[in-house]
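Good morning, and thank you for coming. Please look first at the sequence and the model.

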Amino acid sequence: MDGTAVAAQRDAQDAGGVNRGEALRAQDLGKRVDLPTGPLTILEGVSFSIKAGETAAIVGASGSGKSTLLSLLAGLDTPTSGEVWLAGEALSKLDEDGRARVRGRHVGFVFQSFQLLPSLTALENVMLPLELAGSAKPESSAREILAQVGLAERLTHYPRQLSGGEQQRVALARAFVTRPDVLFADEPTGNLDTRTGASVIELLFELNARAGTTLVLVTHDPALAARCGRELRIDSGRLLP
């Protein structure tokens, strides 16, 4: 390789070996747990990259390893082998505080079970990540995005006073209020009826397009996966071609 090619390759990558323009990369990712009956392989040899601004669905049958893969990509769990680069950082080189720092700066989450704090109002739930990040105006930002998701009149309601669809709208507002680079969504309509789930998904893609966020979505719903620009299909812990 001549000097020009070497320089071009160096310029195309950051210090972590991740191409510029990539939101995250998995390389030879594996996860194994030890059970009384012996070791169980959940994931093996999973490699792919996702570009900034891309929408990608992780799909597969129940027990195929989808949610485990999402947890590894987000740094919520650690792999047995391989590496994840998130926002240009190799997660295995960070301790839990370091991974939490990366998540706080770059990541948003939407879960099937909403994960709202029951003792906080809708407004307070959305303000929380802003306060943790040291935002100067957490309340005004939280009010603005709650209005965008149609909950301007429900700011002082607690999760128990909200319907499932409203709770997931609060969760979406909380996920997007920090303007994350990457949004991880794990079966975001799993606890909702079909009609409510469809409206939440429309809102998710609307907010995502507006923010230009990289979306990584775990789902068993083929119609929802088809809304994404790309599908990553997992079968028995392996990524299919």
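**Strands, sheets and helices**

The model is a predicted one, in which local features need pLDDT of at least 70, side-chain atom pairs count only at pLDDT 80 or more, and totals for chains, interfaces and linings use all residues. Residues are numbered from 1 along each chain as its sequence is written, and side-chain values use heavy atoms, with hydrogens and water left out.

A word on terms. Helices (H or I, at least four residues) and strands (E, at least two) are DSSP runs, numbered from the N terminus. Two strands pair if DSSP finds at least two bridges between them.

How far can we trust the model? The confidence of the predictor in each residue is pLDDT, from 0 to 100. For this protein the average is 90, and 92% of the residues score at least 70. Confidence is highest in strand β4 (residues 81–86), at a mean of 97, and lowest in helix α1 (residues 3–11), at 41. Over residues 1–17, pLDDT stays under 50.

Strand β3 (residues 55–59) and strand β8 (residues 214–218) run parallel and are joined by 4 bridges. They belong to an open sheet of 6 strands with mixed pairing, in the order β6-β7-β8-β3-β9-β10. Because β6 (107–111) and β10 (238–239) are at the edges, each with a single partner strand, one side of each has no neighbour in the sheet. Across β6 and β7 (182–186) lies helix α3 (residues 96–106), which runs at about 85 degrees to β6; such angles, from 0 to 180 degrees, are taken between N-to-C directions, with axes fitted to C-alpha atoms, for helices over the stretch in contact.

What is the order of the strands in the open sheet of 4 strands? The order is β2-β1-β4-β5, and the pairing is antiparallel. Its edge strands, β2 and β5 (89–90), each pair on one side only. Between β4 and β5 there are 2 bridges, in the antiparallel sense, and Trp85 is found opposite Ala90 in β5. Helix α2 (residues 66–73) packs on this sheet and touches β1, β2 and β4; contact here means heavy atoms within 4.5 Å. Strand β1 (residues 22–35) and strand β2 (residues 38–51) are linked by a hairpin through 2 residues. These two strands share 10 bridges, and Leu35 is opposite Gly38.

Finally, the helices. The axes of helix α4 (residues 122–132) and helix α6 (residues 164–176) come within 8 Å and cross at roughly 25 degrees. Therefore α4 is roughly parallel to α6, a description used for angles under 35 degrees, while those over 145 are roughly antiparallel, 65 to 115 roughly perpendicular and the rest oblique. Ala122, Asn125, Val126 and Pro129 of α4 meet Val170, Ala173 and Arg174 of α6.

On α6 there is a further partner, helix α7 (residues 194–211), packed at an angle of about 15 degrees with the axes 10 Å apart. So α6 is roughly parallel to α7 as well. Among the residues making this contact are Leu172 and Phe176 of α6, and Leu203 and Leu207 of α7.
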